[in-house]
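Subject: Structure handover

Hello,

Here is the structure for you to look at. My notes on what was found follow below it.

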Amino acid sequence: MPLMEPYRIKVVEPIPVTTRTQRAQALARAGYNLFGLRADEVTIDLLTDSGTGALSAAQQAAAAIGDESYAGARSFHRFREVVEDLTSYEHIYPVHQGRAAERILFATLLKPGQITLSNTHFDTTRANSELIGCEARDLPCPEAADLDSHEPFKGNIDLAALEAALTGPDAGRVGLVIMTITNNGGGGQPVSMANLEAASELCRRHGVPFFLDAGRFAENAWLVTQRDPEYANTDPRDVAKAAFRLADGCLASLKKDGIAHIGGLLAMRDGDLAQRCEVMLTATEGFRTYGGLAGRDLEMLAQGLVEVTDPYYLRSREASAAHLAELVNAAGVDTVQPPGLHAVYLNAGRLLPHIPPERFPGHALACALYLEGGIRTVELGTLMLGKEGAEGEAATLAPFELVRLALPRRTYTQSHLEYVAEVIGMVAKQATLVPGYRVVESPPILRHFNARLEPVTE
């Protein structure tokens with residue numbers, strides 16, 4: 001059967017169409033920060049796949065029976081049953097989104113001066129670690145350094161580096177190992193089951209908690225079934241279950257693979273840790289059976305967590321990302337290989353070699369795509385992942401200068417993606433005209449959300 005979206009469209013929303021002059025004015029007003037744009041100034045919004053997907057008819061129906069009781073709502077119990085079956089964890093807490101779970105876990109588990117280790121911390125994960133006074137260290141596998149290679153599991157953690165960290169002079173400072181699946185900061189690449197098993201065993205041997213950042217657990221499971229012959233005939237839900245059983249717990253933004261607009265999860269096996277987390281949850285998010293969410297949200301999340309492991313849905317999602325990557329590559333723009341599911345990552349550093357990292361080539365490309373075609377994306381480069389010095393200079397550079405085209409779930413059709421590829425090709429033809437940018441205002445952390453910039457013309 002030919003690849004196609006395994007659903008039909010029931011409700012439609014108009015897409016804003018703007019002129020280049022309108023886009024130029026909007027971008028200048030926003031301080032050349034795409035996060036500052038109004039949504040009705042964006043034609044195709046690929047800023048994030050978090051909370052931007054389309055709900056299914058079954059999710060909409062589930063919302064109608066949401067129980068809004070403050071304590072013990074039946075909607076929580078349905079949510080709990082689905083999560084417990086999936087993860088095997090006994091202690092399950094809903095939260096309003098993933099960063100709330102990060103904050104609660106880190107504030108409860110970690111102490112200032114400790115170290116968190118990861119295949120790659122994403123932005124809020126790193127920020128929540130550092131806000132506690134901890135050091136966040138990334139240990140990506142060596143294969144991740146080659147953006148062009150087709151190694152199947154470039155999201156893996158470097159096991160030799162992990163063992164060295166757990167046995168070296170700083171071993172006593174390691175408070176947590178957290179594996180992100182898929183590895184968003186590493187180009188959306190999956191983590192193999194063998195790597196998860198080995199990392200889990202190392203953590204158990206050295207008595208260090210091992211958690212999953214599982215926002216895209218289903219997409220990771222699907223890629224395991226497609227790239228590891230040992231799992232070729234395995235249901236992706238069974239792969240996901242096996243992955244969760246290797247960890248002591250998980251945190252997750254369910255705005256991704258919960259296919260909902262809001263919601264997150266914190267779950268674990270350790271009853272004492274759970275009890276301490278629950279105190280923090282109740283004080284800052286809400287009672288343990290709602291965690292800052294409405295009953296209807298819990299119902300939609302429970303249904304989404306069932307739908308997300310459907311092989312036909314995952315197959316279609318992989319095909320959409322692969323199709324977009326092929327079109328972009330044909331237009332002369334390199335992408336991180338192999339493509340994953342939730343996003344396609346453009347190699348902005350290679351496309352714009354005239355822009356040095358301290359002038360943010362990824363951000364420059366993202367601005368150019370918006371000006372050319374109203375497409376909103378996000379930079380994963382020195383603006384997001386680097387650090388400023390005392391005088392505002394780029395003291396730490398990102399390893400790569402990328403632009404992420406995040407694909408909202410069940411939202412855009414093939415023709416939308418073909419339009420995106422056409423716009424990228426148009427920008428590529430005049431790449432030497434794209435200017436760099438400088439930061440003119442910046443908060444101390446997570447600067448990419450609120451910084452104001454200006455183009456550099458010299």
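Start with helix α11, residues 295–307, in this predicted model. At 1.5 Å a residue, its 13 residues should span 18 Å, and the end C-alpha atoms are 19 Å apart, which agrees.

Is α11 mostly covered or mostly open? Eleven of its 13 residues are buried, so the helix is mostly covered, where buried means under 20% relative accessible area. Among the buried ones are G295, D297, L298, E299, M300 and L301.

Next, the cysteines. A disulfide is a covalent bond between the sulfur atoms of two cysteines. How many disulfides does the count come to? With a cut-off of 2.5 Å between the sulfur atoms, the count comes to zero. Take C250 as an example: the closest cysteine sulfur to its own is in C277, 12 Å away, which is too far for a bond. C250 is also buried, with a relative accessible area of 0%. C367 counts as buried too, at 0% relative accessibility.

Last, the surface. Y7, I9 and V12 make a nonpolar surface patch of about 330 Å². Y7 lies in the segment before α1 (20–29). Its relative accessible area is 34%, so Y7 is partly exposed; a residue needs over 30% to be part of a patch.

Regards

How values were computed. Residues are numbered from 1 along each chain as its sequence is written. This is a predicted model: local features need pLDDT of at least 70, side-chain atom pairs count only at pLDDT 80 or more; totals for chains, interfaces and linings use all residues. Side-chain values use heavy atoms; hydrogens and water are left out. Patches are made of residues with over 30% relative accessible area and no salt bridge: like charges are joined within 9 Å, nonpolar side chains (Val, Leu, Ile, Met, Phe, Trp, Tyr) within 5 Å. Accessible areas come from the Shrake-Rupley method with a 1.4 Å probe; for residues, only the protein chains shown count as cover. A salt bridge is a side-chain nitrogen of Lys or Arg within 4 Å of a carboxyl oxygen of Asp or Glu. Helices (H or I, at least four residues) and strands (E, at least two) are DSSP runs, numbered from the N terminus. Buried means under 20% relative accessible area, exposed over 50%, partly exposed in between (1.4 Å probe, protein chains only). The expected span of a helix is 1.5 Å times one less than its number of residues.
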